[in-house]
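User: Hey, I've got a protein open on my screen and I'm a bit lost. Can you walk me through it?

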Amino acid sequence: MTIGGMVGAVISGKLADIIGRKYTMWILDIFYIMGWLAIYFAKGAWLLDLGRLSLGFGYGLTCYVAPTYLSEITPKNLRGGITSVSMAMIPVSVSVAYLIGSVINWRALALIGAIPCLLLLFGLFFIPESPRWLAKIGREKEFEAALQCLRGKNVNISEEAADIKDYTENIQKIPEDKILDLFQQKYAHLLIVGIGLMVLQQFGGLNGYAYYMNEIFELAGVQSITGFIVVSIPQIPAIALGSILIEKFGRRTLLMVSVTGECLGCFLTGLSFVLQNLNWWMDATPTLMLSGIVVFEVSYSLGIGSIPWIIISEIFPINIKGSAGSICNAVNWFCTWLVSFTFNFLVEWSPAGTFFIYGSMSCLGVLFIAKLVPETKGRTLEEVQESLTHILQ
């Protein structure tokens, strides 16, 4: 799945730039449906692998186009909250899938997985294309119609439409940069922020928890079904809280709180293994383990799960958004593969050490956010990008 994700990530930005955000969502949804059906009808490992490859490819596209589309259609006062809810639902969905998968067989789970994909297929008939993408390619009438549809037919969109058109016309005077052209000094800060956030999101240990949750429970002596229930429930209020706080306190503050919580969660998880190895407080070890996982998952849902994607969708000007988004997305998926591939080896070496390493990465992430990540709260995309490119020129 992670290999499919890397392939989808590499082409995600350019594909969304060439055919548009809406048509890219059509494509990714088809790959989701094909993936689940391949898994359902699999008679051997090769079709299971093909299905997961297809799902990974679709998810690789989703990680770029979903936050980009949402950031481009929402008003500045709602942009962070709406995108945050969307992306933070990912770990909740993983937990729910684990929970359902504990009581039904995997073929039935594959069919259930196809249901949201069919809903998306139906829903895509009723959503407009991104107005900013339409403005970029010069489809002015469709741009205004899409913006009017999004804001409501009785809303005056003239000022917002004029701002978007003015910015788009100015940015189009600059040649569209290729991927290799991004490695210039004027884009250095933006790329460091984007790539750094992707590395931080994955090296905090998410996929160690997500892909091997059942094994972690077994190591700690916790019943899987109990563990999944305890871990899943608190994530819902964490998502709601994050979507409320993101526009009140800003991206940077919520990110630092979220990453600090991840660090604490990893420390508690690692500490439970230390106590287990020393045969101390054995009755309390499962509780400590569950506490660590809950703290980690809630902290992830609060900010780090969604805000990096929000910031990436906000900071890159439209002339480089596709290329830069593809690079950041590909880095994210490479890190996902690296964490998922190395997790078992690290746990064999030292379960406690594994989570202490993840916790240390999160601690370093707090410093990275404090020093380099810009605040984008309360500004339009055009204002954010103008301010950053002005500083860099």
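This is a predicted model: local features need pLDDT of at least 70, side-chain atom pairs count only at pLDDT 80 or more; totals for chains, interfaces and linings use all residues.

User: Is G138 buried or exposed?

Analyst: Exposed, because its relative accessible area is 57% and the cut-off for exposed is over 50%.

User: And how far is G138 from I73?

Analyst: Their C-alpha atoms are separated by 17 Å, and the two residues are 65 apart along the chain.

User: What about C149, which helix is that in?

Analyst: C149 belongs to helix α7. With a relative accessibility of 51%, C149 counts as exposed. Its C-alpha is 8.9 Å from that of I127, which is 22 residues away along the chain.

User: Let's zoom out. How many helices and strands does the protein have?

Analyst: There are 19 helices and zero strands. The radius of gyration is 21 Å, close to the 21 Å that the globule rule gives for 393 residues, so the protein is as compact as a globular protein of that length.

User: What does the C-alpha trace span along its principal axes?

Analyst: About 70 × 50 × 40 Å.

User: How much of the protein is buried?

Analyst: Of the 393 residues, 52% count as buried. As for the accessible surface, the total is about 17400 Å², and 70% of that belongs to carbon and sulfur atoms.

User: What share of the contacts is between residues 24 or more positions apart?

Analyst: They make up 81% of the contacts with a separation of 6 or more.

User: And how many charged side chains, positive and negative?

Analyst: The protein has 25 positive and 28 negative ones, and the centres of the two sets are 4 Å apart.

User: Now pick a helix. How long is α13?

Analyst: α13 covers residues 235-249, which is 15 residues. From first C-alpha to last, α13 reaches 20 Å, close to the 21 Å expected at 1.5 Å a residue.

User: Which residues of α13 are buried?

Analyst: They are Q235, A238, I239, G242, S243, L245, I246 and E247.

User: Why would residues three or four places apart point the same way?

Analyst: Because an α-helix has 3.6 residues a turn.

User: Nice. What do the buried residues of α13 pack against?

Analyst: Five helices, namely α4 (76-101), α12 (224-232), α14 (251-278), α15 (285-304) and α16 (307-315).

User: And what follows α13?

Analyst: G250 does, and its phi is positive, near 95 degrees.

User: New topic: where's N332?

Analyst: N332 is in helix α17, residues 321-349. At 3% relative accessible area, N332 is buried. Not counting residues up to four places away in sequence, N332 touches M198, Q201, Q202 and W309.

User: What about V331, where does that lie?

Analyst: V331 lies in helix α17. V331 is partly exposed, because its relative accessible area is 21%, while buried means under 20%.

User: What does V331 contact?

Analyst: Leaving aside neighbours within four places in sequence, V331 is in contact with I195, M198 and V199. M198 is also on the list for N332.

User: And how far are V331 and I127 from each other?

Analyst: Their C-alpha atoms are 30 Å apart, and 204 residues separate the two along the chain.

Note on methods:
Residues are numbered from 1 along each chain as its sequence is written. Side-chain values use heavy atoms; hydrogens and water are left out. Helices (H or I, at least four residues) and strands (E, at least two) are DSSP runs, numbered from the N terminus. The radius of gyration is taken over C-alpha atoms; the globule rule is 2.2 Å times the number of residues to the power 0.38. Buried means under 20% relative accessible area, exposed over 50%, partly exposed in between (1.4 Å probe, protein chains only). Contact means heavy atoms within 4.5 Å. Accessible areas come from the Shrake-Rupley method with a 1.4 Å probe; for residues, only the protein chains shown count as cover. Lys and Arg count as positive and Asp and Glu as negative; His and the chain ends are not counted. The place of a charge is taken as NZ of Lys, CZ of Arg, CG of Asp or CD of Glu. The expected span of a helix is 1.5 Å times one less than its number of residues.
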